[in-house]
Amino acid sequence: MLQKPKGTYDIYGADAQRVLYLKKLINVLMEKYNYNYIQSPTFESSEVFHRGVGETTDIVSKETYDFKDRGERSLTLRPEGTAGIVRSFIENKLYTSSMPVKLWYYGSMFRYERPQAGRNREFSQYGVEVFGSESPMVDAEVISILVTLFRMLGLKGIKVNINSLGDSQSRMRYRDALVDYFKPYLDELCDDCKNRYSKNPLRMLDCKVDQDKEFMKSAPKISDYLTEESKKHFELVQKYLTAMDIDYVVDNNLVRGLDYYTHTVFEVEADIKGFGSQNVLGAGGRYNNLVELMEGPSTPGVGFAIGIERLLLALEAEDIDICEKNLVDIYVMNLSEDENEYMVNLVNYLRLNGYCVEMDYQGRNIKNNFKHADKISARFVIIVGPDEIKKDLITIKNNETKEEFKVKFDELLEFLDEKISED
Ligand code: HAM
């Protein structure tokens, strides 16, 4: 039997309905915040991610799907959305629009990770990216979107962790302090951290292997190395969050797994037992140097991404069902094949006029047709037979009350409009 690749999954049935509901909700939310939808390719030239996301991150150094196409081009399946959106922002000169440019996206991402619950090799992210504003109000707005979405869904155990990585100067000072501090402990570090020590010492703070070692706990804190300006930015982000009634916790060890961040970084966790690090439903931060690094005009940016599968698992764990069943307005059946043409035309006409209509494609008998109408919870049933066609009278039944009506074809829409709206 053919099987899906490891770390991928099929979405169908109730889960598919949940995904559609989430997409609808996100759409409505994004309209309210006035963000524009953007779609970029699922693969980009490898450089986009290897430069944008950064070679010192696990996501790029160990987890990307890199391949050569038949024209020998080096391509990479996107492991995240931000770098591709930045490439698009630059290539399409979106920086010539009036700032800020507020964008959102939804799509598949690919990471070669060890699969487990909430960690897949292909997964979906909904994310936003805002370009062209340094205002801490934007950092706070972006965090507020995450929180609002989770609140709208009714998720309760949500925790917002924030930190500031400061500007380049703060980071440089902090980096030096970490290098000095960890020097005597080099032998005690895990292999990954030994590597991080020379390439990107900040990432050592995030290490799952070394995190409980005593010397880790007393490592220098970024907050002591922030420049005055960076400190002020972070304080304002916190003030605006408080103004919007958003609870948060400052976590000085939060550094994130991507290289491009400056200033605010954040993660939103759900408190779900047995989830471990997969508790993080969404995360993001500010990246004021990325557009320039990718050869665009210096433009600040800030954004987040939510893992849709993790969000679905979190909803399940909290017993929140967002499955919306599609309501079938009318089920149409006929008595024999002779009425097929009439039936297809009628069904088409009703659908074009806005009704959700299902029909009998299988040539069922009447009894089975009524059973099927019940199964799909059709509100009305239309039966087409030779008599109906001859007399131009449609037989329509309320499938709940079993009340039957005879309606002229020309008056059918008016009838349905009245009946379905009063239902
Ligand atoms: P990230 O933290 O790498 O950030 O991913 C964001 C979210 O994607 C995670 O919190 C998680 O819910 C989900 N996720 C990540 N990896 C997997 C996986 N293997 N399986 C299932 N879900 C996963 C970013 O991707 C940044 N681009 C966010 C951002 C946008 N920063 C600024 N703008």
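Predicted model: local features only at pLDDT ≥ 70, side-chain atom pairs only at ≥ 80, totals over all residues.
The protein chain contains 15 helices and 16 strands. Its radius of gyration is 28 Å, well over the 22 Å that the globule rule gives for 423 residues, so the chain is more spread out than a compact globule. The extent of the C-alpha trace can be read along the principal axes, where it spans about 95 × 50 × 45 Å. Of the 423 residues, 51% count as buried. The accessible surface comes to about 21,800 Å², and carbon and sulfur atoms account for 48% of that area.

When contacts between residues at least 6 apart in sequence are considered, 71% of them join residues at least 24 apart. As for charge, the protein chain carries 55 positive and 70 negative side chains, and the centres of these two sets lie 3 Å apart.

Attention can now turn to a hairpin. Strand β3, residues 65-68, pairs with strand β4, residues 74-77, in the antiparallel sense, and 4 bridges are found between them. Within this pairing, K68 stands opposite S74 of β4. The hairpin has 5 residues between its strands. E72 lies in this loop between β3 and β4, and its phi is positive, about 65°, although E72 is not a glycine. E72 counts as exposed, because its relative accessibility is 59% and the cut-off for exposed is over 50%.

Of the 10 residues of α4 (residues 82-91), 9 are buried, so the helix is largely enclosed by the rest of the structure. Among the buried residues are T82, I85, R87 and F89. Which elements cover them? The cover includes strands β2 (43-45), β5 (101-110) and β6 (122-131), together with helices α2 (46-52) and α10 (290-293).

The stretch after α4 has two features worth a look. K93 follows the helix and has a positive phi, near 50°. In the loop between α4 and β5 sits P100. The peptide bond that joins M99 and P100 is cis, with omega about 0°.

Further along the chain, two helices supply reference points for distances. M172 has its place in helix α6, residues 168-182, and it counts as exposed at 53% relative accessibility. From M172 to F380 the separation is 208 residues in sequence and 69 Å in space, C-alpha to C-alpha. D192 belongs to helix α7, residues 191-199. With a relative accessibility of 32%, D192 counts as partly exposed. D192 and Q3 are 189 residues apart in sequence, and their C-alpha atoms are 34 Å apart in space.

Is β14 mostly covered or mostly open? The strand is mostly covered, with 5 of its 5 residues buried. This holds for both of its faces: F380, I382 and V384 are buried on one side, and V381 and I383 are buried on the other.

The bridges of β14 can be followed to two other strands. Strand β12 (residues 330-334) runs parallel to β14, and 5 bridges join the two. Strand β15 (residues 393-398) runs antiparallel to β14, with 4 bridges between them. V381 takes part in both pairings: V381 is the bridge partner of Y331, and K397 in β15 is the bridge partner of V381.

S377 is found in the loop between α13 (366-375) and β14 (380-384). Phi of S377 is near 55°, a positive value in a residue other than glycine. S377 is partly exposed, with a relative accessible area of 35%.

Definitions and conventions
Residues numbered from 1 in each chain as written. Heavy atoms only, no water. Rg over C-alpha atoms; globule rule 2.2 N^0.38 Å. Buried < 20%, exposed > 50% of the residue type's maximum accessible area, 1.4 Å probe, protein only. Contact = heavy atoms within 4.5 Å. Areas by Shrake-Rupley, 256 points an atom, 1.4 Å probe, with all protein chains shown as cover. Lys, Arg positive; Asp, Glu negative; His and termini not counted. Charge placed at Lys NZ, Arg CZ, Asp CG, Glu CD. Pairing = 2+ DSSP bridges.
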